[in-house]
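Subject: Structure handover

Hello,

Here is the structure I promised to pass on. Please open it and keep it beside this message while you read.

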Amino acid sequence: MARVLWGMDMLIGGALLNTVLLAAGTDYSAYMDGSWFQWVTDTWRAVVAPNQVLWISLLILFEATVGALIVSGGRWTQLGLLGA
């Protein structure tokens with residue numbers, strides 16, 4: 001049961017939510033402003049913010065893949081958990 005819930009969290013709380021936010025035009029540039037480390041904020045603003053459609057799309061693909069692997073069961077779940 002926990003495996004399925006974790007997989008669904010990745011699929012719904014991760015991939016689907018980010019898909020909706022990206023489609024709505026959400027600006028992810030300030031996402032890391034609360035980081036404890038300035039280099040994280042600077043790197044996020046330099047790398048992700050200018051190309052957020054690309055990077056968030058890759059994040060969505062990764063979350064969906066990991067979620068589906070976790071839900072699948074067996075060795076696939078182990079691979080998905082490794083990704084999580």
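Below are the findings, from the whole chain down to single residues.

This is a predicted model, in which local features need pLDDT of at least 70 and side-chain atom pairs count only at pLDDT 80 or more, while totals for chains, interfaces and linings use all residues. Residues are numbered from 1 along each chain as its sequence is written, and side-chain values use heavy atoms, with hydrogens and water left out.

**The whole chain**

The protein chain has four helices and zero strands. Helices here are DSSP runs of H or I with at least four residues, strands are E runs of at least two, and both are numbered from the N terminus. The order from the N terminus is α-α-α-α. The C-alpha trace spans about 40 × 30 × 20 Å along its principal axes.

Of the 84 residues, 26% are buried. Buried means under 20% relative accessible area, exposed means over 50%, and partly exposed lies in between (1.4 Å probe, protein chains only). The chain exposes about 5700 Å², and carbon and sulfur atoms supply 71% of that. Those areas come from the Shrake-Rupley method with a 1.4 Å probe; for residues, only the protein chains shown count as cover.

A contact means heavy atoms within 4.5 Å. Among contacts with a separation of 6 or more, 56% are between residues 24 or more positions apart.

Helix α1 covers residues 2-23. Its 22 residues should span 32 Å at 1.5 Å a residue, and its end C-alpha atoms are 30 Å apart, which agrees. The expected span is 1.5 Å times one less than the number of residues. Buried residues in α1 include Gly-7, Met-10 and Leu-22. Part of their cover comes from α3 (52-72). Just after α1, Gly-25 has a positive phi of about 85°.

Gly-73 follows α3, with a positive phi near 95°.

**Thr-77**

Where does Thr-77 sit? It is in helix α4, residues 74-83. Thr-77 is buried because its relative accessible area is 8%. Its side chain reaches the backbone nitrogen of Gly-73 at 2.8 Å. Leaving out residues up to four places away in sequence, Thr-77 touches Arg-3, Leu-69, Ile-70 and Ser-72.

**Aromatic pairs**

Rings of Phe, Tyr and Trp (its six-membered ring) pair if their centres lie within 6.5 Å; planes under 30 degrees apart count as stacked, over 60 as edge-to-face and the rest as tilted. The count is two aromatic pairs.

Tyr-31 and Trp-44 have ring centres 5.4 Å apart and planes at 40°, so this pair is tilted. Tyr-31 lies in the loop between α1 and α2, Trp-44 lies in helix α2, and they are 13 residues apart. Tyr-31 is exposed at 57% relative accessibility, whereas Trp-44 is buried at 17%.

Phe-37 and Trp-39 have ring centres 6.4 Å apart and planes at 35°, so their pair is tilted. Phe-37 is partly exposed at 47%. Trp-39 is exposed at 59%.

Best wishes

Definitions and conventions:
A polar contact is a pair of N or O atoms within 3.5 Å; within protein, one must be able to donate a hydrogen and the other to accept it, and residues adjacent in sequence count only if both atoms are side-chain atoms.
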